[in-house]
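Biologist: Could you walk me through this protein fold, starting with the overall shape and ending with the charged pairs?

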Amino acid sequence: MKKGIITKVSGPLVEAVNMDEARIYDVVEVSANQLIGEVIEMRGDKASIQVYEETTGIGPGEEVVSTNMPLSVELGPGLIGQIYDGIQRPLGQLAELSGEFLAKGVTAPALPRHKTWEFMATAKVGDEVVTGDILGTVQETDIIQIKIMVPPGVSGKIEKIESGIYKVEDTIAVIAGQEISMMQRWPVRQPRPFEHKIDPNEPLITGQRIVDAFFPVTKGGTAAIPGPFGSGKTVIQHQLAKWADADVIIYIGCGERGNEMTDVLMEFPEIEDPKTGKSLMNKVVLIANTSNMPVAAREASVYTGVTIAEYYRDMGFSVALMADSTSRWAEAMREMSGRLEEMPGDEGYPAYLSSRVAEFYERAGLVECLGSDERQGSLSIIGAVSPPGGDLSEPVTQSTLRIVKVFWSLDYALSHARHFPAINWLSSYSLYQAKIDAFMDKHYRGFSKLREKAMGLLQDEDQLKEIVRLVGQDSLSDPDQLKLFTAKSLREDFLQQNAFDEVDTYCSMEKQYAMLGNILSFYDEALKALDKGVYLSEIEGMEVNNKISRMRYVEEDKLPEIREIQEELQNEFRRLIAKREA
């Protein structure tokens, strides 16, 4: 095989000549240490290579060998519960091979080669199959039974297939003369194929009240969480990963601090999945490429994660991918672009920033999967954005907002006031709202009307606060003061949620519906009472208000306690009105 010669080393960028047999995006092995790199630019026989490991000690004259294959991931049983780096090397096995500090060039297969899996064939000899058809199943974890599918590009008659105990590389079937194993390889930069996309209309329930009730995202939707440092992006990402109503969770720690991934590794195994009662790690794949890991691998980590997510989507699962944060990925692109001496765009980012961001988010969606059984799978992508100084006009945020359909705007003033999640209800939006309203009203009668009414009260509160600042609250009419009181209850008793409280960390839609209904019933009954001459101070001092403020701490199996509050409200208002009329 023809070998290239290194002529220049500039951080993670290596240039080599005599590379005329290589192609763009080919994986190469750099120097005697066999560091993994990827060709990102070709000029004649000169290749520019981004190296996914530390290049200290490498110099001109050393060799580069092309594998003539693009950067690919291994897909099959054994992914769930693993923690990988940005190029799908299993960090647990690397630590066993080289200790806590990874040695140069050390690598290990992404899927364990020694482990055996019980394959249960569902197809039989003589069946005509096409790409995406299901050959059988493997119980990967206690709660995930994966489907072994006919790989892309393969179709024909099954000549041999048998249930049994196999390793991932063993042949489980023969289709039209081709041997099929449980493992597939797929290039990370190429989206996996599907039949067609479907317009999503079912919400991804997250258990976070401000998200589910006010700014929902669909299964197969896209959302962005931009916000300044300290506004709670990572905690929200963790909450969504823990409680989102998805079959599989892919969590990418892209360029963020290592202690944040440590929190994930410490917390997730101890958390019980609300749907199954098993450990959350039974449905999670973690990809860690933290700020102290090689810069170039940040870009690869995003593609690695979304390709693994597409694999589970193709089985018909609902998959949620969390990327924290896409700003660090964009900064890695900016660094490589600068070293390649490309013409910079806004704030030094490459001119192709917007198209790369769009390519990533467009891999989300609800799809009709390949195969003859007409199954559907969804991939939802939720990306955190870290604009410097909270400036939402910077290029990464703007490129993201042009693509995603949901915008959860984190507000530093809210986080400073200890209001979490610090999502600003006046500047956030969801373009899926009309579709979700129809779904919610079907399952929770009148839910969209409650949401609109609550949002109207919060918007009115914002306007009334301007008057209060100028002339004081006492100058307002009783109905306007009641609006402020109710809006405060909405903010503090409904929108505010404690991620570290055992009960309040997750809120089902049934509980959200009951809570919102109680707060707005209080407002309606209070307006009637004011008309009957009841004093505002009497309304504000009602005992039932204490129960409303404690609703979020009522456990899910005690929901009747929340529903009973409506009756108590009506009885207490009747007493106040009767007392006034007497």
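Here are some questions and answers about the model shown above.

Modeller: A word on the ground rules: this is a predicted model, where local features need pLDDT of at least 70, side-chain atom pairs count only at pLDDT 80 or more, and totals for chains, interfaces and linings use all residues. Residues are numbered from 1 along each chain as its sequence is written, and side-chain values use heavy atoms, with hydrogens and water left out.

Biologist: What is the radius of gyration of the protein?

Modeller: The protein has 16 helices and 26 strands, taken as DSSP runs (helices are H or I with at least four residues, strands are E with at least two, numbered from the N terminus). For 582 residues the globule rule gives 25 Å, and the protein comes close to that, so it is as compact as a globular protein of that length. The radius is taken over C-alpha atoms, and the rule is 2.2 Å times the number of residues to the power 0.38. The value for the protein is 28 Å.

Biologist: Is leucine 470 buried or exposed?

Modeller: Leucine 470 lies in helix 11, residues 447–471. Together with Ile467 and Val471 it forms a nonpolar surface patch with about 320 Å² of accessible area; such patches join nonpolar side chains (Val, Leu, Ile, Met, Phe, Trp, Tyr) within 5 Å, from residues with over 30% relative accessible area and no salt bridge, while like charges are joined within 9 Å. Areas come from the Shrake-Rupley method with a 1.4 Å probe, and for residues only the protein chains shown count as cover. Since its relative accessibility is 76%, leucine 470 counts as exposed.

Biologist: How many residues apart in sequence are the parts that glutamate 310 and arginine 363 tie together?

Modeller: Their side chains meet in a salt bridge at 2.9 Å, N to O, where a salt bridge is a side-chain nitrogen of Lys or Arg within 4 Å of a carboxyl oxygen of Asp or Glu. Both glutamate 310 and arginine 363 are buried. Glutamate 310 lies in helix 5 (residues 296–313) and arginine 363 in the loop between helix 7 (353–361) and strand 23 (365–368), so the pair ties together parts that are 53 residues apart.

Biologist: Which residue forms a salt bridge with aspartate 373?

Modeller: Aspartate 373 is partly exposed, with a relative accessible area of 41%. The closest N and O atoms are 2.7 Å apart, and the partner is arginine 375.

Key:
Buried < 20%, exposed > 50% of the residue type's maximum accessible area, 1.4 Å probe, protein only.
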